[in-house]
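Happy to walk through this model with you. Shall we take it question by question?

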Amino acid sequence: MKEVFDIRRFGKYLAYDLWNAKNSALLSLVITGLMPIIFYVVCLLCNWIFFDDGCFDFAAGRVLAFTTAYFVAIIVLPIKIFGKITDRRSGSNWLMVPASTFEKFLSLVVISCIVIPVCLVLLLLASDGLLTLVLADKYGPWLFPFVRDMVQDFASLSDVISFNSPVMLAMSWCSSILSFTLGSICFKKAKAGKTILCLFALSIIFSTLLTVTGVISFGGVGRELSSQTLKNSITVGNISSWLVLVLLLSGIYYRLRTIKH
């Protein structure tokens, strides 16, 4: 059993992995977390240059800043942190680290699905909060009330069609970042581009399968949307999400086991 997992050995490897992640991606993570400030400054400068006015509504800019941060994080950070595994020299050093494949796999999942999102959310909220304190009259209220209202809206909706919004958000993050993590350890070059192409092709296949499943389950296209239809759709979506997550985790573990330099 200790050959597969030892808590002390895993703790040492996780600390080693976190240190390497800090050296590889800390700057990228900080820049991503500063997206609200970066977007606000850019919008302010553009408004001064083109309209000679420092007053503008940044509501849409805030949404765009957070959306951009999300996509930058899931695409760039896995490549920065884990992409070196495919390099002959770095990969050889990675293979020499005294830890089992399962421990390396578990460390990768912890960093991707827990450490990165927690750090990113804290940085984004700190950036948003700083702008709120300094420019309360121009920037708007802190994002937390908006998030609270959104969670309440999801909660009220979940009472009707029965779904768990926090779990859905977590599943969305994990599936997204693990997709690019798998791409970062499979492709040696153009990791992001090749991963996006693969995801695009797979999305077409899954969309086709879900459409066929929906037609069979709901009794045909064009039927009036009902509460039961929504429940069935969410059930299919949940099963698909869990299936995708299991496939991604299995693919990552298999790839880590088969890496040889």
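User: Before we start, what should I know about the model and its numbering?

Analyst: This is a predicted model, in which local features need pLDDT of at least 70, side-chain atom pairs count only at pLDDT 80 or more, and totals for chains, interfaces and linings use all residues. Side-chain values use heavy atoms, with hydrogens and water left out, and residues are numbered from 1 along each chain as its sequence is written.

User: How is α2 oriented relative to α5?

Analyst: Axes are lines fitted to C-alpha atoms over the stretch in contact, and angles run from 0 to 180 degrees between N-to-C directions. The two helices, α2 and α5, pack at about 40 degrees with axes 7 Å apart. Angles under 35 degrees count as roughly parallel, over 145 as roughly antiparallel, 65 to 115 as roughly perpendicular and the rest as oblique. Therefore α2 is, relative to α5, oblique.

User: Which residues of α5 make the contact with α2?

Analyst: Contact means heavy atoms within 4.5 Å. On the α2 side, P36, I37 and Y40 take part. Their partners on α5 are L124, S127, L130 and L131.

User: Is T32 buried or exposed?

Analyst: T32 sits in helix α1, and its side chain reaches the backbone oxygen of S28 at 2.7 Å. Not counting residues up to four places away in sequence, T32 touches A69, V72, A73, L120 and L124. Buried means under 20% relative accessible area, exposed over 50% and partly exposed in between, with a 1.4 Å probe and protein chains only. At 2% relative accessibility, T32 is buried.

User: What is the relative accessible area of A190?

Analyst: A190 belongs to the loop between α8 and α9 (191-218). Its phi is near 50 degrees, a positive value in a residue other than glycine. A190 is exposed, with a relative accessible area of 52%.

Notes
Helix = DSSP H or I, 4+ residues; strand = E, 2+ residues; numbered from the N terminus. Polar contact = N/O pair within 3.5 Å; in protein donor to acceptor, adjacent residues only side chain to side chain.
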